[in-house]
Amino acid sequence: MLRSDARQNRMLLLDAACDLIAEVGTDEISARDIADRAGVSSATLYRHFPSKQALVDTISVDRWERMSEWARGSRSRPAVFDIALVLDRFSRLVSDDAQFIQAAGLKVGATPAAIAPVRAVFDARFEELWNTARASGAVRRWADPRDAVELVGSIRNTERRTPMLATIVGGFVAPQLDVERLLRAAHHPR
């Protein structure tokens, strides 16, 4: 477990790298540029990350770790709500980071090796949520959780994010569910 100052420096570095890569691309920045943007020394950067590429990979790993936590579900509300919450949060991540994703050369459905283990944890947890929702009749029996994640992961337009998400969710939830109400509740969880 990292000390609070080390944890803060790590997050500053991740945020700075994400911002810089989105602005100018991975080839145009150095580790020093990232450290300067984060307000830390290069030595601090290298204490956390052995290379610039490791830092770039960690940005994506960090996002999938958050996704894995969200996919645990609450167990105190219907699983379909947790599915909508995960997909809403994921769509915000990818639409907010669209420039980073493009500049870093990341592709929907193509998982770099560093991301694969944490993505596997997410996939298992999300599938468990999905199967619980399917068993309750809230998700159409033919719908596949991988399709929902891949489609939501392709949303890049922040202005169109909400209607695009509603279209995707409307495609897999049972007809008796009110998609707009479900997404409003997901956007404002208690």
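S60 sits in helix 4. S60 is buried, at a relative accessible area of 8%; buried means under 20%, exposed over 50% and partly exposed in between, with a 1.4 Å probe and protein chains only. The model is predicted: local features need pLDDT of at least 70, side-chain atom pairs count only at pLDDT 80 or more, and totals for chains, interfaces and linings use all residues. Residues are numbered from 1 along each chain as its sequence is written, and side-chain values use heavy atoms, with hydrogens and water left out.

**Helix 4 and its partners**

- Beyond its neighbours within four places in sequence, S60 contacts F100, L106 and I115; contact means heavy atoms within 4.5 Å.
- Helix 4 spans residues 52-70 and helix 1 spans residues 4-24. Helices here are DSSP runs (H or I, at least four residues), and strands are E runs of at least two, numbered from the N terminus.
- The axes of helix 1 and helix 4 come within 10 Å and cross at roughly 105 degrees. Axes are lines fitted to C-alpha atoms, for helices over the stretch in contact, and angles run from 0 to 180 degrees between N-to-C directions.
- Helix 1 and helix 4 are therefore roughly perpendicular. The classes are: under 35 degrees roughly parallel, over 145 roughly antiparallel, 65 to 115 roughly perpendicular, and the rest oblique.
- From helix 1, R10, M11, L13, L14, A17, C18 and I21 take part; from helix 4, they meet L55, V56, T58, I59, D62 and R63.
- By class, this contact of helix 1 with helix 4 holds 9 nonpolar, 1 polar and 3 charged residues. Nonpolar covers Ala, Val, Leu, Ile, Met, Phe, Trp, Tyr, Cys and Pro; charged covers Asp, Glu, Lys and Arg; the others, Gly among them, are polar.

**Two loop residues**

- D97 lies in the loop between helix 5 (79-96) and helix 6 (98-104).
- D97 counts as buried, at 12% relative accessibility.
- Leaving out residues up to four places away in sequence, D97 touches C18 and R63. C18 and R63 also belong to the contact of helix 1 with helix 4.
- R75 is in the loop between helix 4 and helix 5.
- R75 is exposed, with a relative accessible area of 61%.
- R75 is not a glycine, yet its phi is positive, at about 65 degrees.

**Helix 8 against helix 9**

- Helix 8 (residues 145-153) packs on helix 9 at an angle of about 170 degrees, with the axes 10 Å apart.
- Helix 8 and helix 9 are therefore roughly antiparallel.
- A148, L151 and V152 of helix 8 meet L165, I168 and F172 of helix 9.
- The contact of helix 8 with helix 9 has 6 nonpolar residues, no polar and no charged ones.

**Helix 10**

- V179, L182, L183 and A186 are buried in helix 10 (residues 179-187).
- These four cover an arc of only 95 degrees around the axis, which puts them on the same side of helix 10. The arc is that of the directions from the helix axis to the C-beta atoms.
- Helix 5 and helix 9 (161-172) are among the elements that cover these buried residues.
- E180 and R181 are exposed on the other side of helix 10.
- R181 has 59% relative accessibility.
- D178 caps the N-terminal end of helix 10, with a side-chain oxygen 3.1 Å from the backbone nitrogen of E180.

Definitions and conventions. Polar contact = N/O pair within 3.5 Å; in protein donor to acceptor, adjacent residues only side chain to side chain.
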